[in-house]
Amino acid sequence: MELNNYQEQLKNYEKYPKELGPYYLILGVQSELGKLSEKLKNMLDSNESEVSERDKTGISISIGDIMFYLASIASSLNISLDNIAALSLRKLSLLKEKELNKN
């Protein structure tokens, strides 16, 4: 799925006070990060050597919830996810290039 397509489809599911925009949505990101952290902590506490399919599904759902809020923040600011991804990759490329030039 293309990122902008995902972002566009999410508009069908957004239910938040639009007047609060990204300020409200960042609280959702923080809440979902807490849930993901708890799932990962529980995995560490379980002493299992491999991640179960059930754990992978739960983690995937949590990451999806975080993606929802981040995409909604971008939408509320009229920023496309494709542009965000391109900028991120460009930044990472520049950082890697800078690191290689140090050596």
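Ser62 is part of helix 3. The model described here is predicted. Ser62 has a relative accessibility of 2% and therefore counts as buried, the cut-off being under 20%. Leaving out residues up to four places away in sequence, Ser62 touches Leu36 and Lys39.

Met43 belongs to helix 2. With a relative accessible area of 18%, Met43 is also under the 20% cut-off and so is buried. Residues up to four places away in sequence aside, Met43 touches Val51, Asp55 and Ile59. Met43 and Lys102 are 59 residues apart along the chain, and their C-alpha atoms are separated by 38 Å.

The two residues are set out below.

| Residue | Helix | Relative accessible area | Residues touched, beyond four places in sequence |
|---|---|---|---|
| Ser62 | helix 3 | 2% | Leu36, Lys39 |
| Met43 | helix 2 | 18% | Val51, Asp55, Ile59 |

In soluble globular proteins, nonpolar side chains tend to be buried together. The largest nonpolar core in this model consists of eleven residues: Tyr6, Leu10, Tyr16, Leu25, Val29, Phe68, Tyr69, Ala71, Ile73, Ala74 and Leu81. Two or more of these residues come from each of helix 1 (3–10), helix 2 (21–46) and helix 3 (53–76). The most, five residues, come from helix 3.

Tyr69 is one of the core residues. Apart from neighbours within four places in sequence, Tyr69 is in contact with Leu25, Gly28, Val29 and Glu32.

### Largest pocket

Rolling a probe the size of a water molecule over the atoms shows where empty space is left. In this model the largest pocket holds about 220 Å³ of space. Its lining is made up of Leu3, Tyr6, Met67, Leu70, Ala71, Ile73, Ala74, Leu77, Ile79, Leu81, Ile84 and Ala85. Helix 1, helix 3 and helix 4 (81–102) are the elements that give two or more residues to this lining. Helix 3 gives the most, with five residues.

Which classes of residue make up the lining of the largest pocket? There are twelve nonpolar residues, no polar residues and no charged residues.

Notes
Residues are numbered from 1 along each chain as its sequence is written. This is a predicted model: local features need pLDDT of at least 70, side-chain atom pairs count only at pLDDT 80 or more; totals for chains, interfaces and linings use all residues. Side-chain values use heavy atoms; hydrogens and water are left out. A nonpolar core is a set of buried Ala, Val, Leu, Ile, Met, Phe, Trp, Tyr and Cys residues joined through side-chain atoms within 4.5 Å. Buried means under 20% relative accessible area, exposed over 50%, partly exposed in between (1.4 Å probe, protein chains only). Contact means heavy atoms within 4.5 Å. On a 1 Å grid over the protein atoms alone, a cavity is a set of points where a 1.4 Å probe fits but cannot get out, and a pocket is an open set with protein on both sides within 12 Å along at least five of seven lines; lining residues have an atom within 4 Å of a point. Grid points are joined across faces, edges and corners, and a volume is the space filled by probe spheres set on the points. Ala, Val, Leu, Ile, Met, Phe, Trp, Tyr, Cys and Pro count as nonpolar, Asp, Glu, Lys and Arg as charged, and the others, Gly among them, as polar.
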